[in-house]
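The following exercises concern a single predicted model. Please work through each task before reading its solution.

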Amino acid sequence: MTDKKKLFLVLMLALRIAAPGHSQSLQGRLLVSARPPQKNIVASYNKYDTGGNTSAAHDQADVYKWSAQSPYRAEGWGYFRPDGTEVPYIKRDRDLGQTFVCEGTAAKNLAAVTVRLGFGSNVVRPGMYGQNLSLQLFEVTGTPVLNTNGSDAGTGAYHGFPHDRKGKNIDPVRDDYFEGEQYKSLAVFRGYTFPGKKAFGLPDEQAGVSPDDPRLKGRYLAFRLPAASAIRLEPGKRYAFLIMIDSIGREKGFTLANNYYGSYAGGHAIRRDGNGIFPPVPARPEKNFTDPENTAALASAHFPADFEQRTHISPGTNGYPDVDTWRDMVFFIEAR
């Protein structure tokens, strides 16, 4: 990719997201529950697949997405060009969330955003307990317009499960993505802490808890806003939230329950991937991650070290390395 093209993409991303509202220093609470909230719900979706490991992740362990051999850690597949060439890249950090429409007839203040842990095999990674989280909130405008990425039944998708495009057909909808939406950041709430093991009924001293432990699956996480906050939700308007793992570290990540083919009419799942520039910069899997020839690819994979800079990256994708176009997260929006 030329420097001119990179500059163009960065400018396009900057146009898609307004400057965030100031980070809120008021302390919110993150609560674990076996049941979803029942009252004052102004938007929700509670359908989910029983497998998959769709995760928020900020893991320091670099991995090449590449099907061929590498002397370094590699897994799965890269993405494909229309001519069938597989492009290796480095697995990307990810924030996860959802767009939604506020229901009802009167404006209300946002009280909490609740999501649900997934049901796959890697629900809570070992390094996640006790780690700091943040919640970013957006107002969403514009109309989502589908981009099929040039794939159809004849070509198959260029990326997406089952990934092995050389050996299997990939449903052409897997690399579809939306264009046309703009995200105005309303606020970033910091100071949440991912629960410790005791909150899930696990003894604190049990160091070797499996990420597949059934006591983790399907639990609800409620991000409660401070009482003094004033995020006003207007009926009929579209909003979004992103859940963020604040800092990079070893084995940091957790899954969120979702439908890949969701049926929520008011929005769709969103993600913030790496440095926000698409497609991911191609990597050289025969070389070390820190090799000078992988400098751009490594930067593409990770969030900026500056947290404020990260909050300026718009949610979005262009079909590589993966998309949330058809996905809906399990979520509940409570208002006062």
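**Exercise 1. The enclosed space**

The structure holds 1 cavity of 30 Å³ or more.

*Solution.* 
Step 1. The volume of the largest cavity is about 30 Å³.

**Exercise 2. The largest pocket**

State which residues lie nearest the centre of the largest pocket, and describe how its lining divides by class.

*Solution.* 
Step 1. The largest pocket has a volume of about 1000 Å³.
Step 2. Its lining comprises 41 residues, and those nearest the centre are Asn53, Thr54, Lys91, Arg94 and Asp322.
Step 3. Strands β5 (55-57) and β20 (269-273) each contribute at least two residues to the lining.
Step 4. The lining of the largest pocket consists of 11 nonpolar, 13 polar and 17 charged residues.

**Exercise 3. The setting of Tyr89**

Is Tyr89 buried or exposed? Identify the side chain with which the side chain of Tyr89 makes a polar contact.

*Solution.* 
Step 1. Tyr89 belongs to strand β10 (residues 89-90).
Step 2. The relative accessible area of Tyr89 is 3%, and because the limit for a buried residue is under 20%, Tyr89 is buried.
Step 3. Leaving aside residues up to four places away in sequence, Tyr89 touches Val63, Tyr64, Lys65, Trp77, Gly78, Tyr79, His159, Pro280, Val281, Ala283 and Pro321.
Step 4. One of these, Val63, is 26 residues from Tyr89 in sequence, with a C-alpha to C-alpha separation of 8.6 Å.
Step 5. The side chain of Tyr89 makes a polar contact with that of His159, at 3.3 Å.

**Exercise 4. The setting of Asp246**

Where does Asp246 lie, and is Asp246 buried or exposed?

*Solution.* 
Step 1. Asp246 is found in the loop between β17 (238-245) and β18 (253-255).
Step 2. Its relative accessible area is 13%; because this falls under 20%, Asp246 counts as buried.
Step 3. Beyond residues up to four places away in sequence, Asp246 touches His58, Asn132, Leu133, Ser134, Arg190, Phe307 and Arg310.
Step 4. With Ser134, there is a side-chain to side-chain polar contact of 2.8 Å.

Methods
Residues are numbered from 1 along each chain as its sequence is written. This is a predicted model: local features need pLDDT of at least 70, side-chain atom pairs count only at pLDDT 80 or more; totals for chains, interfaces and linings use all residues. Side-chain values use heavy atoms; hydrogens and water are left out. Helices (H or I, at least four residues) and strands (E, at least two) are DSSP runs, numbered from the N terminus. Buried means under 20% relative accessible area, exposed over 50%, partly exposed in between (1.4 Å probe, protein chains only). Contact means heavy atoms within 4.5 Å. A polar contact is a pair of N or O atoms within 3.5 Å; within protein, one must be able to donate a hydrogen and the other to accept it, and residues adjacent in sequence count only if both atoms are side-chain atoms. On a 1 Å grid over the protein atoms alone, a cavity is a set of points where a 1.4 Å probe fits but cannot get out, and a pocket is an open set with protein on both sides within 12 Å along at least five of seven lines; lining residues have an atom within 4 Å of a point. Grid points are joined across faces, edges and corners, and a volume is the space filled by probe spheres set on the points. Ala, Val, Leu, Ile, Met, Phe, Trp, Tyr, Cys and Pro count as nonpolar, Asp, Glu, Lys and Arg as charged, and the others, Gly among them, as polar.
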